Amino acid sequence: MTDATTAPSRSRDLDKLLLRPGNLVGPIFDPGTQLREDLKEYVRILVVGAGGLGCELLKDLALSGFTNLEVIDMDRIEVSNLNRQFLFRLEDVGKPKAEVAAKRVMQRVSGVNIVPHFCRIEDKEIEFYNDFSIIVLGLDSIEARSYINSVACSFLEYDSDDNPRDITMKPMVDGGTEGFKGHARVILPGRTPCFECTIWLFPPQVKFPLCTLAETPRNAAHCIEYAHLIKWNEVHGGKAFDPDEPEHMKWVYNEAVKRAELFGIQGVTYSLTQGVVKNIIPAIASTNAVISAACALETLKIASGCSKTLSNYLTYNGVEGLHIKVTEFVRDKDCLVCGPGVLIELDTSVTLQKFIDLLEEHPRLLLSKASVTHRGKNLYMQAPPVLEEMTRSNLSLPLFELMGKATKDIVHVTGIENKDDKKTSCLRKLRVVFKGIDGIMDMDMAGGA
Ligand SMILES: [Zn+2]
């Protein structure tokens, strides 16, 4: 137990933000010691990812006065993580990241409780995510971000005028780093663009055009890719290039050097060859620290209202000098994920099976292997087998009946989206409306209830 005289020193810096009124505060801000205590008691934060960024986030959030944290990560610690994932030690190699990260932060920051979850993000029930006040993302994959984004946005409800209901909004703070570059963004579903609204910010991986490689190389990477993609096949025929085979890598490096000399290009090294061929982007500890600090501060701002939140996308670039810029992106009004949901009109006779088939053909959805829930109730689940068996008999029943004869309501569907030859797990919110029913039906139901 800390007494009243020692408590302020622990939260000295935090108190400057939480105890005093200010000109830049948010509308909900109510300064005072009660606010500090409320953050400890009532705010629950989920950190997704316990890697380079996740380690920093857990430490920063714990030191920002949050005491109810949980972390989810499916990976185990590898030796190559140790240079920057500072919560891990050599003896931890092979152990789950989430568990070790939680333990280490709890050892160092008294009063904080961190619950680890060692599993895939898709393994948790959707409702698991609804328990948190704010979800903070420290991920390195677009697919995982996209999934969490769709889950958080699925909780968002709209009123009859299509305005988002604030109470159902699940705020997210998303961090990301790549070498000396990084971003931090605040996603308030329904108000600021969600991850899907601005998916174009993540362009497909840059591939050099083959004609450039073959005819007009301009830099060291072009020479390396020429050796790797063109020369290797010319010389070795059908033999596959193995990036983990040092002899292969050395051959590509030597060919790249020859090519570079021919065109008077500098900078081909063995490590650059490895980097280009394996597409390795080095992880930089300081970038993680900067981005995590920005994310933790935004989380504190959302939870306390002590300042207006970032609006809405911060980019950091430390490649040459240091640049930080904030861009205000706008929502995509037709977004499938954070919008009111794709409208689907059905006859009352349509069975659940028929509905699932429709989703696969729907041009905006292209969703296969669909599991369907309505107001938290499983109508049909593809997995696990026990649930599949329990819900299978629903397939032949009309969806209208299964939805309690509601004339229109939201249905959540998880499944596999097949877009641009890519299959990704996703969650979609659908607005199902039944055709050919008038208001009398509603009144009958109200009377009978
Ligand atoms: Zn969106």
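I started with D162, which sits in the loop between α7 (142-154) and β5 (172-178). For these labels, helices (H or I, at least four residues) and strands (E, at least two) are DSSP runs numbered from the N terminus. I noted that D162 is not a glycine, yet its phi is positive at about 65 degrees. The cut-offs are 20 or more other C-beta atoms within 10 Å for buried, 12 or fewer for exposed, and partly exposed in between, with C-beta atoms placed from the backbone.

I kept two points about the source in mind. The model is predicted; local features need pLDDT of at least 70, side-chain atom pairs count only at pLDDT 80 or more, and totals for chains, interfaces and linings use all residues. Residue numbers run from 1 along each chain as its sequence is written.

I looked up K405 next, in the loop between α15 (399-402) and β12. K405 also has a positive phi, near 55 degrees, and is not a glycine. K405 counts as partly exposed because it has 16 C-beta neighbours inside 10 Å. I checked these entries against the general rule that most residues other than glycine have a negative phi, and most peptide bonds are trans.

Then I turned to the cis peptide bonds. One joins A383 and P384, with omega about -5 degrees. I placed P384 in the loop between β11 and α14 (385-392). Another cis bond runs from S311 to N312, with omega near -10 degrees. N312 belongs to the loop between α12 (285-304) and β7 (313-317).

Last, I went through a sheet. Which order do its five strands take? I read β9-β13-β12-β10-β11, an open sheet with mixed pairing; two strands pair if DSSP finds at least two bridges between them. I noted an average twist of 35 degrees from one strand to the next. Axes here are lines fitted to C-alpha atoms, for helices over the stretch in contact, and angles run from 0 to 180 degrees between N-to-C directions.

Inside the sheet, β10 (residues 367-374) and β12 (residues 408-419) pair antiparallel over five bridges. I found that L367 has E417 in β12 as its bridge partner. Helix α13 (residues 352-361) packs on the sheet and touches β9, β10, β11 and β12; contact means that C-beta atoms of two residues, placed from the backbone, lie within 7 Å. I recorded about 130 degrees between the directions of α13 and β10.
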